[in-house]
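Biologist: I am new to this structure and would be glad of a guided tour. Could you take one part and look at it closely with me?

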Amino acid sequence: MLFVEYLNDAQSAKQLFKATMVEANEHMKIWRGTYPDKALNAMCITAITEATKPLGHICPECNGSGKVRSKCNHSVKCPCCDDGRIQWTQETRFAYFCLTLRITYSRFRRYMPVIKALVDWLSDKRNAAALSM
């Protein structure tokens, strides 16, 4: 987890994806109904991204500075973010999930408990790895 978060290591990312996929399958054993394999991929990608970037994404409008220029060339607070970061909310998770699998918001809400469980699992693993170092 730490190699993916800090070094963007591709090999570690593949192994982390496989481990997260196994954990997602474990959570989906009690799932009623059908779901596509692409949904598991989207859940894993969303959970890994949220766990590796716990403060949120860098805002594309202000490039992480938290300040933008108005029409009058005054420096004002960016209306899109909090101090240059777009925090994780259910809507941002949905937007990131839809990059991989386009579904309705009502269907996404059924996947949310699994995504939250995966994020918690990954965060716990990251904290354990950081404490062991």
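What follows is a close look at one helix and at what surrounds it.

Biologist: Let us take helix H4, residues 90-98. Which of its residues are buried, and what covers them?

Modeller: Happy to walk you through it. Please keep in mind that this is a predicted model.

Let us begin with the whole chain. Its secondary structure comes to 5 helices and 4 strands, and along the sequence they follow the pattern α-α-α-β-β-β-β-α-α. The C-alpha trace spans about 55 × 40 × 20 Å along its principal axes. Of the 133 residues in the chain, 36% are buried. Among contacts with a separation of 6 or more, 58% join residues 24 or more positions apart.

Now to your helix. The buried residues of H4 are Arg-93, Phe-94, Phe-97 and Cys-98. Looking down the axis of H4, you would find these buried residues within an arc of 130°, so they line one face of the helix. As for the cover over the buried residues of H4, it includes helix H3 (37-52) and helix H5 (105-132).

Arg-93 deserves a stop of its own. This arginine of helix H4 has a relative accessible area of 10%, which is under the 20% limit, so Arg-93 counts as buried. Setting aside neighbours within four places in sequence, Arg-93 is in contact with Thr-46, Glu-50, Trp-88, Phe-108, Met-112 and Lys-116.

Thr-20 counts as buried because its relative accessibility is 0%. Leaving out neighbours within four places in sequence, Thr-20 is in contact with Cys-44, Ile-48, Leu-118, Trp-121 and Leu-122.

Asn-63 sits in the loop between strand S1 (57-58) and strand S2 (67-69), while Asp-83 lies in the loop between strand S3 (75-77) and strand S4 (85-86). Asn-63 has a positive phi of about 55° although it is not a glycine. Asp-83, likewise not a glycine, has a positive phi of about 55°. Asn-63 counts as exposed because its relative accessibility is 65%, and Asp-83 is exposed too, with a relative accessible area of 71%.

The chain has 19 positive and 12 negative charges, whose mean positions are 6 Å apart.

To return to your helix: H4 has its buried residues along one face, and H3 and H5 are among what covers them.

Definitions and conventions
Residues numbered from 1 in each chain as written. Predicted model: local features only at pLDDT ≥ 70, side-chain atom pairs only at ≥ 80, totals over all residues. Heavy atoms only, no water. Buried < 20%, exposed > 50% of the residue type's maximum accessible area, 1.4 Å probe, protein only. Helix = DSSP H or I, 4+ residues; strand = E, 2+ residues; numbered from the N terminus. Arc of directions from axis to C-beta. Contact = heavy atoms within 4.5 Å. Lys, Arg positive; Asp, Glu negative; His and termini not counted. Charge placed at Lys NZ, Arg CZ, Asp CG, Glu CD.
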